[in-house]
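Here is a short briefing on one protein chain. Please keep the sequence and the model open while reading.

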Amino acid sequence: QVQLVESGGGSVQAGGSLKLSCAVVGYIVSGCEMGWDRQAPGKPRELVSRISSVGTTNYADSVKGRFTISRDNAKNTVSLQMNSLKTEDTAVYYCAAFCRSNYWGRGTQVTVSS
């Protein structure tokens, strides 16, 4: 059974930083695209960032220059460093793995206060 387990969420003031991590259990994701999505209350889920199997990254315009995605294939993990957080970054963040099938974690709450 494939499991994606997120950690690192929490509450922070605007301008602060958080680092999210996602550990994948039950599947070797070195050949998969990985990423993070988020869903704010009352809004649809949106793409935050993706990283390919070879390390090519892309970001939503709203987070470019503030968030950095990375992966460690040896540890089967993907991370999201979030700096200069804004109140509009408040959401549940979901880790994702796009392999032969697609997998998502249960999400971790990020709350940014003014």
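Two strands count as paired if DSSP finds at least two bridges between them. Strands (E, at least two residues) and helices (H or I, at least four) are DSSP runs, numbered from the N terminus. This is a predicted model: local features need pLDDT of at least 70, side-chain atom pairs count only at pLDDT 80 or more, and totals for chains, interfaces and linings use all residues. Residues are numbered from 1 along each chain as its sequence is written, and side-chain values use heavy atoms, with hydrogens and water left out.

The chain holds eleven strands and zero helices. Ala 91 stands opposite Val 110 in β11.

**Overall build**

- From the N terminus on, the elements run β-β-β-β-β-β-β-β-β-β-β.
- The radius of gyration, taken over C-alpha atoms, is 13 Å. A compact globule of 114 residues would have a value near 13 Å, so the chain agrees with the rule. That rule is 2.2 Å times the number of residues to the power 0.38.
- Along the principal axes, the C-alpha atoms fill a box of roughly 40 × 25 × 25 Å.
- Of the 114 residues, 41% count as buried. Buried means under 20% relative accessible area, exposed means over 50%, and partly exposed lies in between (1.4 Å probe, protein chains only).
- Contact means heavy atoms within 4.5 Å. Of the contacts with a separation of 6 or more, 52% come from residues 24 or more positions apart.

**The four-stranded open sheet**

- The strand order is β1-β3-β8-β7, with antiparallel pairing.
- β1 (3–7) and β7 (67–72) are the edge strands, and each pairs on one side only.
- Neighbouring strands of this sheet are turned by 15° against each other on average, direction ignored. Axes are lines fitted to C-alpha atoms, for helices over the stretch in contact, and angles run from 0 to 180 degrees between N-to-C directions.
- β1 and β3 run antiparallel and are joined by five bridges. Ser 7 stands opposite Ser 21 in β3.
- β3 pairs with β8 (residues 77–82) in the antiparallel sense over six bridges. Leu 18 has Met 82 in β8 as its bridge partner.
- β7 and β8 are antiparallel too, with six bridges joining them. Thr 68 has Gln 81 in β8 as its bridge partner.
- The hairpin of β7 and β8 has four residues between the strands, and Asn 76 takes a positive phi near 60° there.

**Strand β9 and its partners**

- β9 (residues 91–98) is mostly covered, with seven of its eight residues buried.
- β4 pairs with β9 in the antiparallel sense over seven bridges. Met 34 stands opposite Ala 97 in β9.
- Ala 97 also has Tyr 103 in β10 as a bridge partner. β9 and β10 pair in the antiparallel sense over three bridges.
- The hairpin from β9 to β10 passes through three residues.
- β9 and β11 (residues 108–113) run antiparallel, joined by three bridges.

**Aromatic rings**

- A pair of aromatic rings is described by the distance of the centres and the angle of the planes. Rings of Phe, Tyr and Trp (its six-membered ring) pair if their centres lie within 6.5 Å; planes under 30 degrees apart count as stacked, over 60 as edge-to-face and the rest as tilted.
- By this rule the count comes to two aromatic pairs.
- The ring centres of Tyr 27 and Tyr 103 are 6.0 Å apart and the planes stand at 45°, so this pair is tilted.
- Tyr 27 lies in the loop between β3 (18–25) and β4 (33–39), and Tyr 103 lies in β10 (residues 102–104), so the pair ties together parts 76 residues apart in sequence.
- Tyr 27 is partly exposed at 28% relative accessibility, and Tyr 103 is partly exposed at 22%.
- Phe 98 and Trp 104 form an edge-to-face pair, with 5.7 Å centre to centre and 90° between the planes. Trp 104 is partly exposed, with a relative accessible area of 39%.
- Arg 45 lies over the face of Tyr 94, at 3.7 Å from the ring centre. A charge sits over a ring if NZ of Lys or CZ of Arg is within 6 Å of the ring centre and within 35 degrees of the ring normal.

**The loop at Gly 42**

- Gly 42 lies in the loop between β4 and β5 (46–51).
- Gly 42 is exposed, with a relative accessible area of 86%.
- The C-alpha atoms of Gly 42 and Tyr 27 are separated by 32 Å, with the two residues 15 apart along the chain.
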